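Welcome! Let's walk through this structure together, one region at a time. Please keep the sequence and the 3D view at hand as you read.

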Amino acid sequence: MDDLETRELRYFVAVAEELHFGRAAGRLGIAQPPLSRAIARLERRLGVRLLDRDRRGVALTDAGSVLLREAGAALDAVAAAARRTRRAADPKRPLVLATKAGASHEVLRRLLDAVAGEPEAPPVEILLCEVGEQARLLRDRHADVALMHRPYDDLAGFDSEDLHVEGQVAIVPAGHPLASRGRLTLADVQDVPDLPIARWPRLDGSYPDGPGPEARTQSQLAQLVALGRTLLLIPASSRAWQWPEHVAVPVVDAPKVTTVIAWPPSSRSLAVASLVGVAAGMIMAAT
């Protein structure tokens, strides 16, 4: 059997995601008949039926579901290879550092100051993202390095260097009785009847059970807290984005959070190694 081509994988992914040949053709910018023929050729080459077609529409077969998952990963890998190749041809390009918006603000500021003070250090471009997105940005090579947080972020498969360890705070509405407390415990914040704790997505994207609202972005959380609908636990350094309607109260028995700089272990970039060295030196100077 011949190797699969990226073009036919893109065609199949479009049809599998749209479950409609006309919409998939429009998305791809081609006519429907050649798209239908391309999918039929792909099925013949693989020797399996990928799609069930009838008057009610299009549905994925079990084999089609497997190919959709594998094709997505393969196309991502091809795109990442192209990005790595282009970057390798431009030694003067900045390193891209991904970080959650508002998180580890002081660590990031110190790191950028340290880079600015090192003539041989590479320039750094900041890519701000939402909760849990750094791992994907590293894996698909949209970012070279990332600031991440143990135990919350997905560090599986990455190399990392610890930068900072800190406690956590509860962000509560300014008018709530908890806002007047000088310190809190986990027991104080876990079962507040009128202020259920916000639910962040797990590493797999699912949400834990509970009465609190589901939230994925910090702007969502900020407004929900300001409206008196939820509270949340975050690393103390993430207070940089809190609103005037918020109060941050230390939670003395919450697990410590470690900010790390992480990078793909396959990286052979001297610029990445230089940046990690600057980060490590910054920590040594602070201890």
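A salt bridge here means a side-chain nitrogen of Lys or Arg within 4 Å of a carboxyl oxygen of Asp or Glu. You are looking at a predicted model, in which local features need pLDDT of at least 70 and side-chain atom pairs count only at pLDDT 80 or more, while totals for chains, interfaces and linings use all residues. Residues are numbered from 1 along each chain as its sequence is written, and side-chain values use heavy atoms, with hydrogens and water left out.

Let's begin with two helices. Helices (H or I, at least four residues) and strands (E, at least two) are DSSP runs, numbered from the N terminus. Helix H1 covers residues 6-18 and helix H2 covers residues 21-28; their axes lie 8 Å apart and meet at an angle of about 130°. That makes H1 oblique to H2, because angles under 35 degrees count as roughly parallel, over 145 as roughly antiparallel, 65 to 115 as roughly perpendicular and the rest as oblique. The axes are lines fitted to C-alpha atoms, for helices over the stretch in contact, and the angles run from 0 to 180 degrees between N-to-C directions.

In the loop between H1 and H2 you will find Leu 19. Its phi is near 50°, a positive value in a residue other than glycine. Leu 19 counts as partly exposed at 36% relative accessibility; buried means under 20% relative accessible area, exposed over 50%, and partly exposed in between (1.4 Å probe, protein chains only).

What links Arg 27 with Glu 17? The two form a salt bridge, with their closest N and O atoms 2.5 Å apart. Arg 27 lies in H2 and Glu 17 in H1, so the pair ties together parts that are ten residues apart in sequence. Both residues are partly exposed, Arg 27 at 42% and Glu 17 at 47%. They also belong to a network of salt bridges that links Glu 17, Glu 18, Arg 23 and Arg 27.

Across the whole structure, a search finds 15 salt bridges. One of them joins the side chains of Arg 53 and Glu 43, at 3.1 Å from N to O. Arg 53 sits in strand S1 (residues 51-54) and Glu 43 in helix H3 (residues 32-46), so this pair, too, ties together parts that are ten residues apart in sequence. Is Glu 43 buried or exposed? Glu 43 is buried, with a relative accessible area of 11%, whereas Arg 53 is partly exposed at 41%.

Next comes helix H5 (residues 105-116), where Arg 109 and Asp 113 are four residues apart, or about one helical turn. They form a salt bridge as well, and their closest N and O atoms are 2.7 Å apart. In the loop between strand S3 (95-100) and H5 sits Ser 104. Ser 104 has a positive phi of about 50° although it is not a glycine, and it is buried, with a relative accessible area of 1%.

Now turn to Leu 128, found in strand S4 (residues 124-129). At 55% relative accessibility, Leu 128 counts as exposed. The C-alpha atoms of Leu 128 and Gly 102 are separated by 8.6 Å, although these residues are 26 apart along the chain.

Our last stop is the loop between strand S5 (145-150) and strand S6 (159-166), which holds Pro 151. A cis peptide bond joins Arg 150 and Pro 151, with omega about 15°.
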